[in-house]
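This report concerns a group of annotated residues and their surroundings. Please consult the sequence and structure shown here.

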Amino acid sequence: MDSLWFSDICGHHVSPFTMLDFDQSCHRKHGFSLENKLVFSRKLYKQALTIARVVSPSQLAIVPSPDKEPVDPDQNHVAWTSVKQERWEGELVVQGEIPLWLKGTYLRNGPGLWHIEDYNFRHLFDGYATLVKLNFEDGRLIAGHRQIESEAYKAAKKNKKICFREFSEVPKHENFMAYVGDLSKLLSGSSLTDNANTGVVKLGDGRVVCLTETQKGSLVIDPNSLETLGRFEYSDSLGGLIHSAHPIVTDAEFLTLLPDLLKPGYLVVRMEPGTNERKVIGRVNCSGGPAPGWVHSFPVTQHYVVVPEMPLRYCAQNLLRAEPTPLYKFQWHPQSKAFLHVMCKASGKVVTSVEVPLFVTFHFINAYEEEDEDGRVTSIIADCCEHHADTSILDQLRLKNLRFFKGEDVLPDARVGRFKIPLDGSRNGKLEAALDADEHGRGMDMCSINPAYLGKKYRYAYACGAQRPCHFPNTLTKLDFVEKKAKNWYDEGAVPSEPFFVARPGATEEDDGVVISLISEKNGGGYALLLDGSTFKEIARAKLPYGLPYGLHGCWVPKK
Ligand SMILES: CC(=O)/C=C/C=C(C)/C=C/C1=C(C)CCCC1(C)C
Ligand SMILES: CC(/C=C/C=O)=C\C=C\C=O
Ligand SMILES: [Fe+2]
C-alpha cells in the first residue's frame, strides 16, 4: 500500500485538483479515505505533493532525534534543562526590600519541558509550556510554577510521544499513509500544536491568556492557581491557523496580525475587551516574495499599526516536511526584499509601504510618530531587536547549541534596529542602530518598556544584552535612547530572562518602577530578581527552591 501511494503521488500526470477529488480518488483506488474532506487550496495541495515526492517512505519511519546525544553534565545548565516537577508553590525568603507599592502577580511563560520519555526535543521553542508566577504583596513574595495543560501536552504525556506538530518537532508516522493523513490534518490545522509556550497576556476584561503562534494555542489560565481553564475560542469566522505570538494588548483592545499564506498578506484585526470576536481593521498585501514574512511581533504607534514584511518568510513546503530544515517552517528570501507597511488604525487604509534594508527580528520594542512644527506626522520610528539580517540566531537557539558552552564567543551580534519610515510618499525607509551596540555587548533581545509609553515617544527600554564571550544573551540591560547609553547587570554563568518593567502607581518619570527577571544560575539554582527601574541596581532577590528553565515573556496582573 505504501509503495502504491508513493507511485500515485509521484505520478507526473497530476492535474490541479481539490482535496475532495483526491479523497474520492484515494477511496476508489485504495479503499482509503482521508480524514479531512476540506477542500483546500490547490496551491498548498500541490506543495504537499511536491513534498511527498521528495520524502521517501524510509524517512517516515520512527527515527531517533538527531540531537539525542549524551548530555555532558558540566554543560547541563538548568536554563536548558526540563523543569523538575509539574508544579510547585511556596513563599520565598526575600533579601533586600520589595517596595510596598508592588502589589500583584508577575506571570512568565516559556517552553520548560523538552522531552517526552527518552525522546529529547531539538529546539528551545519546542518545549511544553511552563508558567511561573511571582505574587508580590506587603513586601512578601509567593512563587509558583505549573505546566500548561494544552491538548498537545496532555496527549504527549498519555501516549508517551509527541502527537502534534510543534515548532520543529513533528509526530513520527508509522507509515506513509499515516503521513498523508497527517498532511490533511495539517491543512485543517488539527495536527498543529496548541502548546501555548510563548507568552501570557492580561486582556482588558481581566482574562489571562497564554499564547503561541497557532491560534488554537490560545489558552485561558487562572493567574492565581496557574490552572489551565480551557481554550480561548475566537468567536469570529476569520479562520486562518496562525497569528502573531505578540498581540498588542491594552485595557482598551487586543490587536494582532493574521498572516495569509494563500494570498500573501496580513489581516490586521482588533478585539474589544469582554468579547471573543476579532474584527478586521484592514488588509495589507505583501510587496514581495511567495509568502508573508514571519510576524512573531509587530509595533504600533498611537494612530498606526506597522506591519513588518521580513524576508524570513513562512514556507508552505517546510510546514509540510516531516524533518526540520535549517530554518524550520521558514525560508530566507533576500531577493524578495524587506518592507514595512503602515496602516491607519481608524480607517484600515495602508498609508505607506516602504522598502527597508533586509532585517531579522523576533521582537519589536516600540514605535512612535514624529511630527513637524505644525503637528503633522512626518515619519514613524519603529525599534526592534535586530539580528543584522542574519538568520543564524534561529539555529543558535537549538538546545544542542544552548547546552554546549565551552567559553567560545558564538552569540551572533544583534543591535537595537531603528527604522525610520517617511510618510511623504518616499519609497524607502532607513534602518540604523539606535545606539552603539557595544554598549550592550552586541547581544540584544527580550525587551520590555514602560507600557504607558506604548506607541509614544519613549526614552528607555529594558532587554537582555551580552557580556562576551557568550553563546546566549546573559545580561539585563537598560537602554537610554537619549544619552545613547546602556546600564548592564551581570551575574557570571547566570541566564536571566526578559527584564519586565512594572511602573510605580502614580509615577511621572518613565523609568520610575521596578524591573523583574527570573535568573537561572550555573549551579542549578535560581532566583527572582528585582532591579530599580531608574538606577538599575538590585533592590531585592529571593531564592527559588530550585532553578527553573529559561522562560520567554511575561505580563503583570495588578492586585484588584
Ligand atoms: C516559542 C516561540 O517563540 C515560538 C513558537 C512558535 C511556534 C510554536 C510555531 C509553530 C508553527 C507551527 C506548529 C506550524 C505553523 C507554523 C508555525 C507558526 C511556525
Ligand atoms: C529567546 C529568543 C526569542 C524568543 C522568542 O520569543 C531570542 C534570543 C535571541 C538572542 O539573541
Ligand atoms: Fe517572543
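This is a predicted model: local features need pLDDT of at least 70, side-chain atom pairs count only at pLDDT 80 or more; totals for chains, interfaces and linings use all residues.

Leaving aside residues up to four places away in sequence, the contacts of His246 are Thr198, His296, Ser297, Phe298, His363 and His553.

## The annotated binding site

An unreviewed UniProt entry lists His246, His296, His363 and His553 under "binding site". These residues span 308 residues in sequence, but no two of their C-alpha atoms are more than 12.4 Å apart, so they gather at one spot. His246, His363 and His553 are included in the lining of the largest pocket.

His363 belongs to strand E21, which covers residues 361–371. With a relative accessibility of 6%, His363 also counts as buried.

Again leaving aside residues up to four places away in sequence, His363 touches the histidines His246, His296 and His553.

## The link between His246 and His363

Which side chain makes a polar contact with the side chain of His363? The partner is His246, and the computed distance is 3.3 Å.

Notes. Residues are numbered from 1 along each chain as its sequence is written. Chains are lettered from A and ligands numbered from 1 in the order in which they are written. Side-chain values use heavy atoms; hydrogens and water are left out. UniProt positions are given in the numbering used here, feature names are shortened, and annotations may be inferred rather than shown by experiment. On a 1 Å grid over the protein atoms alone, a cavity is a set of points where a 1.4 Å probe fits but cannot get out, and a pocket is an open set with protein on both sides within 12 Å along at least five of seven lines; lining residues have an atom within 4 Å of a point. Contact means heavy atoms within 4.5 Å. Helices (H or I, at least four residues) and strands (E, at least two) are DSSP runs, numbered from the N terminus. Buried means under 20% relative accessible area, exposed over 50%, partly exposed in between (1.4 Å probe, protein chains only). A polar contact is a pair of N or O atoms within 3.5 Å; within protein, one must be able to donate a hydrogen and the other to accept it, and residues adjacent in sequence count only if both atoms are side-chain atoms.
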